[in-house]
Amino acid sequence: MEEKNNQSYDVNSLTSLEKLEPVRVRPGMYIGSTGSKGLHHCVWEILDNAIDEISNGFGDKATVILNKDKSVTIIDNGRGVPTGIHPIKKKSGVEMVFTELHTGGKFDNANYKTSGGLHGVGAAVVNALSKWLEVEVSQNGKVYVQRFEYAFDKELKKDMPGTPVTTLQVKGKTEVTGTKVTFMPDSDVFSTTDFKVDIIDERLQELAFQNKGIKLELRDERKEEVIVKEYYSERGLLDFIEYLNESKTPLHPEAILFEGERSVQGINMYGEVCIQFTDSTTEYIASYVNNIPTTEAGTHETGFKTGMTRAFKEWAKKLNLIKEKDKEFEGDDLREGMTAIVRIKITNPVFEGQTKTKLGNNEAYTMMNDLAYTKLSEWIEDNKTLATSIINNALDAAARREKIKKINEAEKKKIGKGTAPLAGKIAVCTQKDKMVNEFIVVEGDSAGGSAKQARDRRFQTIMPSKGKIMNTEKQKLENVLASEELKMFNIAIGTGTLDNYKESDMKYDKIIILSDADVDGYHIRTLWMTYIYRYMRPLIANGHLYLAQPPLYKVYKNTKNGEVHKYAYSDDELEKVKKEIGKGSLIQRYKGLGEMNPEQLWDTTLNPESRTLFQVTIEDAAKAEKMVSLLMGDIVEPRKHYMYKYGEF
């Protein structure tokens, strides 16, 4: 057969990326994304190194500074990055750490018992994704400085990321030790370089709770008035659980707290758990490995759940709360209304992915299973009255679960697999390709009508929402499942809820919430996120949930060739668009989606080529859940505090 292509494939066809080039080419492999999440991940990488020093007994303070020029500085008073010259590499330790992947002092456990930054790529990755980065190390009575930039590399004869533009130089004397890193994220890499105070604030607060006795500080110097916030916790996880439950009513004032050390297959581990049951109808577990939040859980969290269920089931039988013939409660039933913090320190953590959101060590499962079972068995023996109450609540939850299962089965029989019950309410797309189809929930009948006209009917299904769905924060499961609007949503999506959730039955690739760009719209999408987080969580974990961003303004002017217009999605963007359109431009402020005609709605929020979508992560949804507890729970004080703090918003 004749060759169709004469191009040869040999060793000359292979491409080799030099030094830090791989990070620039595939940043998502190292920091997860190039959006806001990835931007803040760069701060976490440097901050993790500082916390590693502190938590291993070297130093007691770390500071994050948001600078006026939009760079960020992280300072610690640890031992400082090694400044000596490596005998083989003939480079300083500082240059190695910031220019070479997999270089660090955390691989052999000699310098750190436990560490969050175990991949040894964090500092180098941040350098690779920065326009410039400057390191200042205080050590041996001297202050050393080195600067790196995206600049010409003399060795490779081309511009390269993270290139040293100075050698490690001594700039003065000092009596202290520590490391100061300042970096400017590269706008050519990141879609946004705007650091969010609330995101960093929350992370520092968590770190202070996990490392009692250390001092953390956040300084925002970007505006005229410098904002300074300090973080310190005397009681650690007990303070943390009080913070998490500030908008809920605890069923027992004193939280359950236990800790312990174990060695499994030569790996040393320390675990600590804090538990408190509340009047909420759902569980919330915050889990961490070496101070890093594991938002996708992992073996340590699974081990804790297994050990806890085992302890309570055994004692339920010992206390004669369950007879041999009775149906037992499950772990989910036991954890209804529970808030828990599960943290582990481990010498050799195996994370799934560089962004460290899920722990994979089987040893951690064994350790936490044993720790939870042993400690909770002891606690139950000393607290039989409270344990009996928790077990009775679990039995009630199990009974409700069975009742709901019957309701679901009856509903399925009634509905079958057709979409007829949706007729007239939901405009269903024509094609059946669930890999590309989109399900769009639109706020309001008016906007819903426009969206039905504007959509691409081949792959976009529109569900108009009457307004605010039920607040599922304190509703019992049977009430939630009885909601007509939520029932309609569930039928349309096809996956089922809670234990009945089946990813394979999903009819759409994207679920998109489209609400007005105002406080009511924010409220509506928060309610939807909370419902989905609690009842269809895999939908978020598997990356199917999105928020559409409608524009705030249309800027336009009439010319001889017709109307010239652009849309602005924020006040800052409005100023840029006004300059682009030029003199004589007019501004239309949208009060809601209902003001847009179908053509405008298509251009701004429905057209995949021009719209702005935000993918919702588990972290986003967890924050939304806490926000709903805060804004619509029974506890007034935290809500008043929040409204005073963010009243302007």
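Which backbone nitrogen does the side chain of Ser-92 reach? The side chain of Ser-92 comes to 3.1 Å from the backbone nitrogen of Glu-95. This is a predicted model, in which local features need pLDDT of at least 70 and side-chain atom pairs count only at pLDDT 80 or more, while totals for chains, interfaces and linings use all residues. Residues are numbered from 1 along each chain as its sequence is written, and side-chain values use heavy atoms, with hydrogens and water left out.

Ser-92 sits in the loop between β2 (72-76) and α4 (93-99); helices (H or I, at least four residues) and strands (E, at least two) are DSSP runs, numbered from the N terminus. Ser-92 counts as buried because its relative accessibility is 6%, where buried means under 20% relative accessible area, exposed over 50% and partly exposed in between (1.4 Å probe, protein chains only). Leaving aside residues up to four places away in sequence, Ser-92 touches Thr-83, Gly-84, Ile-85, Gln-146 and Leu-168 (contact means heavy atoms within 4.5 Å).

Elsewhere, five strands make an open sheet with mixed pairing, in the order β10-β11-β14-β12-β13; two strands pair if DSSP finds at least two bridges between them. β10 (256-264) and β13 (292-293) are at the edges with a single partner strand each, so one side of each has no neighbour in the sheet. Strands β11 (residues 267-277) and β14 (residues 338-346) run antiparallel and are joined by nine bridges. Glu-272 has Arg-343 in β14 as its bridge partner.

The protein as a whole has 20 helices and 22 strands. Of its 649 residues, 51% are buried.

Conventions
Polar contact = N/O pair within 3.5 Å; in protein donor to acceptor, adjacent residues only side chain to side chain.
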